[in-house]
Amino acid sequence: MSPMADIHSETPAAQAHPADSAAAASFAGLLARLDYLGPTEIDSIRQAYRFADEAHLGQKRKNGDPYITHPIAVAAQCAEWKLDAQALMAALMHDAIEDCGVTKEELVERFGAPVAELVDGLTKLEKLEFDSREQNQAESFRKMLLAMAKDVRVILIKLADRTHNMRTMGDMPRSKWKRISSETLEIYAPIAHRLGLNFTYRELQDLSFRFLHPWRYEVLSRALSKSRNRRKDLIARVQDEVERVFIGHGMAVRILGREKTLYSVYRKMDAKHLSFSEVTDIYGFRIIAPELIDCYTGLGILHQLYKPVPGKFRDYVAIPKVNGYQSIHTTLIGPFGTNIEFQLRTHAMDVVAESGVAAHWLYKASEPGSDTSQRLGTQWLQSLLDIQQETHDATEFWDHIKIDLFPDAVYVFTPKSKILSLPRGATVVDFAYAIHSNVGDRAVSARVNGEESALRTELNNGDVVEVVTGDAAEPNPAWLAFAKTGRARSKIRHHLKTLAQDESRQLGERMLLQTVRHEGIAQLPDEHGEHKAAWEKLLRFTGSRNREELVTDIGTGKRIASMIGKKLAVLLADSGLKPDPLLISHERYTSGHNDTASQGVVTLDGSEGVSVQYAPCCKPIPGDRIVGYLGRGEGLMVHAEDCPTGKRLLHRDRERFLEVEWADEPVRAFETTLVVSLHNGKGVLARVASAMAATEADITHVDMGDEPAQNATDIRFTVAVRDRQHLAAVLRRLKRTPSVLKAQRAKSTRT
Ligand code: MN
C-alpha cells in the first residue's frame, strides 16, 4: 500500500464538503445517493431517518447544527461504500440508544432484529474508550474492537462515524483534540488499513496529524503546496510523456497523478531524520489498465520510457498483501533525474486497494446480477464473495474474515482499563492468575461489569473484571475443571502441591512427637541445638536431606513414624537426653485406646485440605467411629471403622494405621450416600428433594441407576450432612415423605 492520495480528486461530494454545510447534511442529499437501492429499501431508510430525527430532536452538534446532521453524514459515507439498507438505517440510528434512551427492544420491534443488532453493536463499541497512555495496548484494543463486532458492517459504520467526527473536530474544544486524534491514529486508522479501506486510512491519518500537531501540519502543508507549484511543470511533462507512449502502443489506460499524504511525508521525515526537501518520493503516478496482463505490458512500456531504479520493483499482483491490496510498483528515473514511483493495476484491483472490504458491496451494487467473482481479479475479495454466496449471512461472512484477522481470543479490561488477552472460554480464574499469582491464589469471586460473578464465569470481549480476594482464601482443586490457561493451571497445581506438603509436614511433625513421647521424651529437641549430632545420625540413617523432608515423608506415609521415633529416641538417649519413665507410662497406658501403631491421635474437623481424604467407599461422617490409614505417599485416608475396605487394609498393613477422632465441632458438612426406594410417579423426585432441603441437607449428586423402570426404583443420593444426628433427622423426614418406601444410609462399597 502506498500512502498516496489522488491529485485529481475523485473524492465524492460527501467527502469534499464537510457536513457543517447544510446542503450536504440534509437528508435529501443522502436520498440522492441511494439510486443503487430499491424503493422499499429507500422507504425503510426514510422511516429510520424520521425515527432518528425525532430521537435527537433538540440536540445540537458543537457547531450549532441539528444533531441529526451527523448520523446523516455517517449514512452518506456508508452510501459511498454502497452498503445495504440495513447498514444505512443503523448508521442513521447509531447514536440513538446511547444518547436518546431508545431501547434495543424498541428497535427490534420497529426495524427488525438485524438492524437492532447493528445499532446495539455500535453502542457497545461507543462505550469503549482507549487510553492512549497505554501505548502497547493499542494492538489489543484494535483486536478487541474487531472481535466485539459480530458483523463487518458495524466496523464500517464505526469508521464512517469516526471519519465524520474527525472531519468536524475543529468544532470540538481543543482539550479533546489530543485524546480523540491519538485514538483515531492508533486504533481506527490501522483497522481501516487492515480491512483494506486505504482511502479512509489515509484520511484518518491526515486528520489525526492535523489535530495532534496543528503547527507542524500547517508548516508542512505550506511547504507541500509550494513544492507542488515548483514541480508543476515536471509533473505535467511526465504525465504527457507517459500518456503518449501508451497511446503509441494502442493501450487505453487511465493515468492519475498522486501525492503522498502530509502524514506519511511527516512520518518519513521523522523516521529518517530528513528535511522536507530531502523527501523525494512525494509525487507519483497510478496507471489503471483494463486487464491484468496489461499491467505487465504497461510495466515493460514504462521501463523502456524511463530507466528503473534497481531494487524498487514490487509485484503485489502475483503476491497480494494480506489486506487484499494488489498492484505493481516500480520507481523510475524521470526527467531531470528525479525518482518517480509508478503503480499499475486493474480497475478491480483499484477498487479493492482503495476500499478493501467495502469493495464487496461496491461490486455487488455496480454489477447487479453479473458474475462479479469473474470480474474481480483479486483472490482475496473473490474468496470473500465465495463465502458470502455460500452463507448469505453477514454475520457468518464476518466470522470468516475474522479468522484471518486475529486468533481465537477474548479481550477484557482490568478495573484500571488495562487490556488482557485470554484464550476463548477463559474464566475469572484465568483472569486472576493473568494479573498475578497472588491474586489467583487468593481469589474468592469477582465482579464482572459490576455484577457479582463466580470464579467459573466465562469471560466475554469487553468485560470489565475485578477479582475479589480473601486473605485466607486458597486455590481449590475444583478450579482445574474450568481454568483454561496453562498459566492458571500450573499455578493452581503448584499451590496445591505446596499446600499438601505443608500440611503433611505439620502432620508428620505431630506424629513424630507423639511417638517420641511414647518413648518418654517430652519435646522434639532442636535439630541445630544441643542434640544436633543425634539428628544428623538419624538423617544419615533415613537418607533425608533435612528434618523437614523427613517429617514430610512421615506425614505423607512414605515413612513409618513409630520406627523413626524409636530410632530417634535411642539416638537422643545416647546423646544424653534420658527418657522420662513417668511420661512413658502416661503416654502408653492412659491415652491410647488400642494397640494399633501407637502414633497418637489425630483430630479431624474437616479443615484439613488435600492431605486428608475421606474414603469414598464408606464416606464417614462425624459421629462414625473412624480409623486413619496412611497410604504410601498419598496422605491420610479416613475410613469408617466397620468399612470392609478399611478392615482389609488393617489386616494387611496394620502399622500404617493411626488413631483418628472427630473434633467436637467440625467446620463443614460431610458427604455420605443414601439409598432411597421410591414409588414411581410424577413429582416424586421433587418431593424427596424438598424433604431433604427442609432438613438442610444439600444433595450433591443423584444416581438414578439404569435398572428398567418398575413400580419402585432405588435412587442413590449423595448428601452433605453435619453429623450422624443430622443424618438421622434426614432419614426420619424421608421416611415420612409420601412415595418413599425405604430410606437408609448406603452400605460401604468395595473399592
Ligand atoms: Mn456518532
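Cys 78 is buried, at a relative accessible area of 0%. Buried stands for under 20% relative accessible area, exposed for over 50%, and partly exposed for what lies in between (1.4 Å probe, protein chains only). Cys 295 is also buried, at 0% relative accessibility. The structure holds zero disulfides, a disulfide being a pair of cysteine sulfur atoms within 2.5 Å.

This is a predicted model, in which local features need pLDDT of at least 70 and side-chain atom pairs count only at pLDDT 80 or more, while totals for chains, interfaces and linings use all residues. Residues are numbered from 1 along each chain as its sequence is written, and side-chain values use heavy atoms, with hydrogens and water left out.

A search of the whole structure finds 31 salt bridges. A salt bridge here is a side-chain nitrogen of Lys or Arg within 4 Å of a carboxyl oxygen of Asp or Glu. The table gives some of them.

| Glu 259 | Arg 228 | 2.6 Å |

In the salt bridge of Glu 259 and Arg 228, the pair links distant parts of the chain, 31 residues apart: Glu 259 lies in strand β2 (residues 254-260) and Arg 228 in helix α14 (residues 214-248). Helices (H or I, at least four residues) and strands (E, at least two) are DSSP runs, numbered from the N terminus. Glu 259 is buried at 10%, whereas Arg 228 is partly exposed at 34%.
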